[in-house]
Amino acid sequence: TIFGVTGGVMEAALRTVYEVVTGSEVPFSKLNILPVRGFSNMRRIEIPIQKTVGEWKFLEGATLKLMVGHTIGSARQIMEMLSRGELDDYHFIEIMTCPGGCLGGGGQPISDDLAAAKEKRKESVYKEDEGLPYRKSHDNPSVKAIYKEFLKDGPCGHLSHELLHTHYYPSGNKKL
């Protein structure tokens with residue numbers, strides 16, 4: 001549900017990643033990762049990783065460095081920062097080109113007060129999210145069934161990596 005709001009993809013992913021790595025839910029009230037939310041064009045967020053479990057012990061004490069951006073201008077600015085190597089130590093960057101994410105996109109109803117409309121849409125999305133029975137991807141019965149019946153080697157396994165991860169290539173089809 002929150003994928004339509006800027007920062008929502010990151011928030012959904014963090015709910016699962018943090019729990020997989022630490023064995024505990026994200027350290028935010030009611031799973032609401034407030035630092036990734038909002039309408040400022042770019043946000044930098046740092047989340048410390050503590051009490052890691054199992055194969056994730058190497059991350060003990062690390063700090064996740066995250067950035068969320070929206071609008072075409074922010075996307076351009078972030079891409080320029082990346083090309084200059086200024087964000088090499090970031091772990092996750094989310095960019096949505098529509099103002100506020102999809103809820104501010106061209107397919108949404110036109111409003112005389114777009115800022116107020118986007119705020120109401122954002123509030124509705126988060127209210128809907130808070131009422132869902134499954135707010136973490138790894139708890140969703142459909143996701144569990146896919147891993148059990150098809151991606152049998154688990155979320156971090158070879159098959160899921162091959163089928164679910166994107167590979168990018170620069171012009172000329174040279175691998176990055």
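Buried means under 20% relative accessible area, exposed over 50%, and partly exposed in between, with a 1.4 Å probe and protein chains only. The model is predicted: local features need pLDDT of at least 70, side-chain atom pairs count only at pLDDT 80 or more, and totals for chains, interfaces and linings use all residues. Residues are numbered from 1 along each chain as its sequence is written, and side-chain values use heavy atoms, without hydrogens and water.

**Exercise 1.** Classify Glu 119 and Lys 122 as buried or partly exposed, and state how they pair.

Solution.
1. Glu 119 has 28% relative accessibility, so this residue is partly exposed.
2. Lys 122 has a relative accessible area of 15% and is therefore buried.
3. Their side chains form a salt bridge, 3.2 Å from N to O. The term requires a side-chain nitrogen of Lys or Arg within 4 Å of a carboxyl oxygen of Asp or Glu.
4. Both residues belong to helix H3, three residues apart, which means a separation of about one helical turn. Helices (H or I, at least four residues) and strands (E, at least two) are DSSP runs, numbered from the N terminus.

**Exercise 2.** Find which parts of the chain the salt bridge of Glu 19 and Lys 136 ties together.

Solution.
1. The closest N and O atoms of Glu 19 and Lys 136 are 2.9 Å apart.
2. Glu 19 lies in helix H1 (residues 8–22), and Lys 136 in the loop between helix H3 (114–130) and helix H4 (141–149), so the bridge ties together parts 117 residues apart in sequence.
3. Lys 136 counts as buried, at 8% relative accessibility.
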